[in-house]
Amino acid sequence: GVDHEPHPEVGHSGSLDLSDLDNALRALMWRQVSIERDAAGLEAAERRLSAWNHIIGQRVLGDPTGWSLVNRMLVSWLIARSALDRTESRGTHFRRDFPETDDGGWKRDISVTRPERS
């Protein structure tokens, strides 16, 4: 599909525009990981969040604004990953591609493990 998500920029000095990245995170989550979801949007969001987590994770962010953004990036990735794994609709999690609730397969918690960084 066509990628319509904003791309936060890394400055010439290698610095991140945290405000730009925060706005991009909000836009991505609203468009791809909102109440109504599907596999294509969730996969795109997970890829983007993994890339952003990799970029931001390589920098030392010594202020509360930076650490707050790091935490929101991780939580956003966890939400997208869990929503992608749960192939059913339940409560406020509505999958357009899996509109029915499946108690037999999904009435349980989901465990997510962060992939190892290379």
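This briefing covers the fold, confidence, helices, core and selected residues of one protein model. The model is predicted. The protein has 4 helices and 2 strands. Counted from the N terminus, the order of elements is α-β-α-α-β-α. The largest nonpolar core has 22 residues. Helices H1, H2 and H3 each supply at least two residues of this core.

**Overall make-up**

- The protein has 118 residues, and buried residues make up 35% of them.
- Its accessible surface is about 7500 Å². Carbon and sulfur atoms account for 53% of that surface.
- Among contacts with a separation of 6 or more, 59% link residues 24 or more positions apart.

**Confidence**

- Mean pLDDT for the protein is 79. A value of 70 or more is reached by 80% of the residues.
- Confidence is highest in H1, at a mean of 93. It is lowest in helix H4 (residues 103–106), at a mean of 71.
- Over residues 9–13, pLDDT stays under 50. The model has 8 contacts beyond four places in sequence for this stretch.
- Where pLDDT is low, the predicted coordinates should not be read in detail.

**Helix H1**

- H1 covers residues 18–32, 15 residues in total. From first C-alpha to last, H1 reaches 21 Å, close to the expected 21 Å.
- Asp-17 caps the N-terminal end of H1. One of its side-chain oxygens lies 3.2 Å from the backbone nitrogen of Ser-19.
- The buried residues of H1 include Leu-18, Leu-21, Leu-25 and Leu-28. Asp-22 and Gln-32 are also among the buried residues of H1.
- An α-helix has 3.6 residues a turn, so residues three or four places apart point the same way.
- The buried residues of H1 pack against strand S1 (36–37), helix H2 (39–57) and helix H3 (64–85).

**Helix H2**

- H2 has 19 residues, which should span 27 Å at 1.5 Å a residue. Its end C-alpha atoms are 26 Å apart, in agreement with that expectation.
- Among the buried residues of H2 are Ala-39, Gly-41, Leu-42, Ala-45 and Leu-49. Trp-52 and Ile-56 are buried in H2 too.
- The buried residues of H2 pack against H1, S1, H3 and strand S2 (94–95).
- Arg-47 lies in H2. Arg-47 counts as exposed because its relative accessible area is 55%, over the 50% cut-off.
- Arg-47 and Arg-81 are 34 residues apart along the chain. Their C-alpha atoms are separated by 9.8 Å.

**The nonpolar core**

- In soluble globular proteins, nonpolar side chains tend to be buried together.
- Here, the residues with the most contacts inside the largest core are Leu-21, Leu-25, Leu-49, Trp-52, Ile-56, Leu-69 and Met-73.
- H3 gives the most to this core, with 7 residues.

**Leu-69 in H3**

- Leu-69 sits in helix H3. Its relative accessible area is 1%, under the 20% cut-off, so Leu-69 is buried.
- Beyond neighbours within four places in sequence, Leu-69 is in contact with Leu-18, Leu-21, Asp-22, Leu-25 and Ile-56. Leu-18, Leu-21, Asp-22 and Leu-25 are among the buried residues of H1.
- Leu-69 and Leu-18 are 51 residues apart along the chain, with 7.7 Å between their C-alpha atoms.

**Arg-86 and Phe-94**

- Arg-86 is found in the loop between H3 and S2. Its relative accessibility is 11%, under the 20% cut-off, so Arg-86 counts as buried.
- The side chains of Arg-86 and Glu-88 are joined by a polar contact of 2.9 Å.
- Phe-94 belongs to strand S2.
- Leaving aside neighbours within four places in sequence, Phe-94 is in contact with Ile-35, Glu-36, Arg-37, Ser-89 and Pro-99.
- Phe-94 and Arg-37 are 57 residues apart along the chain. Their C-alpha atoms are separated by 6.1 Å.

Technical notes. Residues numbered from 1 in each chain as written. Heavy atoms only, no water. Expected span 1.5 Å × (residues − 1). Buried < 20%, exposed > 50% of the residue type's maximum accessible area, 1.4 Å probe, protein only. Contact = heavy atoms within 4.5 Å. Polar contact = N/O pair within 3.5 Å; in protein donor to acceptor, adjacent residues only side chain to side chain. Areas by Shrake-Rupley, 256 points an atom, 1.4 Å probe, with all protein chains shown as cover. pLDDT = per-residue confidence, 0-100. Core = buried A, V, L, I, M, F, W, Y, C linked by side-chain atoms within 4.5 Å.
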